[in-house]
Amino acid sequence: MAVLHSACVAGIRCFTPTTDTWNTCGLISSHKHSMEASNGIKEIQLAQKSSSASIGLGSSTPSSSGTYGKSKRVWVWTESKQVMTASVERGWNTFIFSSRSRELADEWSSIALIHPLFIQEGAIFDGENRSVATILEVSNPQELEQLQPDKGLGENVVVDLLDWQVIPAENIVAAFQGSEKTVFAISKTPLEAQVFFEALEQGLGGVVLKVEDVKAILDLKDYFDRRDEVSNILSLTKATVTSVQVAGMGDRVCVDLCSLMRPGEGLLVGSFARGLFLVHSECLESNYIASRPFRVNAGPVHAYVAVPGGKTCYLSELKSGKEVILVDQKGHQRTAIVGRVKIETRPLILVEAKLQRDSVNQTLYSILVQNAETVALVCPSKGIEVQKTAIPVTSLKVGDEILVRLQGGARHTGIEIQEFIVEK
């Protein structure tokens with residue numbers, strides 16, 4: 001297993017840090033710095049959110065997706081002041097420098113609250129020359145096999161995977177599960193970082209993002225924001241069906257996902273953005289057709305569907321690779337990737353509903369779906385009481401209770417905006 005010396009290979013040996021302790025990096029909720037820069041920027045606001053709590057070397061971003069909820073850490077390796085600024089503004093304040101770049105580290109420390117680390121002698125040291133991580137190259141299966149938590153490595157291990165990435169990352173996750181050590185992988189793009197964070201679902205503990213492009217920082221932060229979103233419980237509201245009527249023929253969209261859905265899960269779909277219905281998946285058993293737990297027969301091409309980031313898009317815009325939000329009866333959500341979209345002409349049924357408490361404005365919520373027994377709307381959950389999960393639209397009647405997601409009705413390219421709008 002090769003050990004990096006600064007940015008180069010020093011030899012085939014393993015350097016064990018003499019100590020695994022370092023100063024905890026302090027974070028500020030909002031701190032203003034002035035700086036003179038060649039790009040003409042006179043002043044920048046360096047905001048570090050309190051959610052990016054100081055853990056170890058700071059720069060820890062909590063994210064969750066299923067069992068993904070363990071905090072992930074990001075160290076940034078760059079010589080770009082713009083990348084540094086974008087990173088600090090997003091709560092990532094640990095930066096790696098070569099041993100020859102101490103002047104640059106001092107300059108950045110004078111304008112922002114950062115924690116500089118330095119690569120030398122096959123390890124990473126803090127500003128007081130205390131070792132905080134071992135850094136290793138892995139270029140073949142033999143070197144990967146030697147990477148084990150009981151090999152005398154430090155508390156933090158930074159690996160540079162020079163050949164394959166996905167399988168080695170999975171092997172490292174398996175080898176270090178249950179260990180107190182944190183393994184970082186050097187990533188040159190946000191997509192590489194995503195591979196490392198999602199290896200074997202649990203992912204590595206962190207990445208060293210080696211970039212000179214601000215967009216890489218923005219894209220990685222957007223990835224974390226989307227992962228954080230699934231830990232929030234969506235508020236679903238009980239609505240009462242006021243009308244069910246056959247509507248004629250239309251082009252409806254079946255959304256086939258790369259994930260299996262459980263009873264009670266589905267997509268949020270509606271004719272109006274102000275209220276989306278929870279349309280159940282085809283995971284329930286039937287005497288006439290096999291269950292398809294990866295599919296939601298969602299509705300016509302015009303309908304809105306909820307996607308990550310608090311946005312909506314039209315069902316007609318979905319395609320392979322796009323992400324959508326899966327939601328269950330209790331509002332738990334997770335993201336899923338679209339594997340295929342099928343648009344076919346089918347008979348439709350129009351369902352309208354109103355809120356029980358909305359006795360004054362009588363706001364109407366509407367959805368069109370295929371008129372078929374396999375299409376169902378999710379019912380409210382009643383605690384531990386045994387109750388059906390969803391009602392087929394062919395059995396739906398006035399007075400039935402279903403779930404809707406209330407939100408702002410005005411949208412621009414799927415983003416909620418504040419403006420006057422009438423939808424009917």
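1. Basis. The model is predicted, with local features requiring pLDDT of at least 70 and side-chain atom pairs counted only at pLDDT 80 or more, while totals for chains, interfaces and linings use all residues. Residues are numbered from 1 along each chain as its sequence is written, and side-chain values use heavy atoms, with hydrogens and water left out.

2. Salt bridges overall. The count is 18, a salt bridge being a side-chain nitrogen of Lys or Arg within 4 Å of a carboxyl oxygen of Asp or Glu. Glu 198, Asp 222, Arg 226, Arg 227 and Glu 323 are linked in a network of such bridges.

3. Glu 198 and Arg 227. The closest N and O atoms of this salt bridge are 2.8 Å apart. The pair links distant parts of the chain, with Glu 198 in the loop between H5 and E13 and Arg 227 in helix H6 (residues 214-229), 29 residues apart. Helices (H or I, at least four residues) and strands (E, at least two) are DSSP runs, numbered from the N terminus. Arg 227 is buried at 6% relative accessible area, whereas Glu 198 is partly exposed at 30%. Here buried means under 20% relative accessible area, exposed over 50%, and partly exposed in between (1.4 Å probe, protein chains only).

4. Asp 256 and Arg 295. This salt bridge has its closest N and O atoms 2.6 Å apart. Asp 256 belongs to strand E14 and Arg 295 to strand E17, so the pair ties together parts that are 39 residues apart in sequence. Asp 256 is buried, with a relative accessible area of 2%, and Arg 295 is buried with 9%.

5. The loop between H5 and E13. This loop runs between helix H5 (190-197) and strand E13 (206-210), and Leu 200 lies in it. Leu 200 has a positive phi of about 50° although it is not a glycine; Glu 201, also not a glycine, has a positive phi of about 70°. Leu 200 is partly exposed at 45% relative accessibility, and Glu 201 is partly exposed at 47%. Gln 202 is found in this loop too, and its C-alpha atom is 9.3 Å from that of Ala 174, 28 residues away along the chain.

6. Surface patch. Trp 164, Val 166 and Ile 167 form a nonpolar surface patch with about 320 Å² of accessible area together. Patches are made of residues with over 30% relative accessible area and no salt bridge, like charges being joined within 9 Å and nonpolar side chains (Val, Leu, Ile, Met, Phe, Trp, Tyr) within 5 Å. Areas come from the Shrake-Rupley method with a 1.4 Å probe, and for residues only the protein chains shown count as cover. Trp 164 is exposed at 59% relative accessible area and lies in the loop between strand E11 (156-161) and helix H4 (166-176).

7. Largest pocket. About 470 Å³ of space lies in the largest pocket. On a 1 Å grid over the protein atoms alone, with a 1.4 Å probe, a pocket is an open set of points with protein on both sides within 12 Å along at least five of seven lines, and lining residues have an atom within 4 Å of a point. The lining has 26 residues, of which Glu 282, Ser 286, Ile 289, Glu 373 and Thr 374 lie nearest the centre of the pocket. The largest share, 3 residues, comes from E21.

Definitions and conventions
Points joined across faces, edges and corners; volume = space filled by probe spheres on them.
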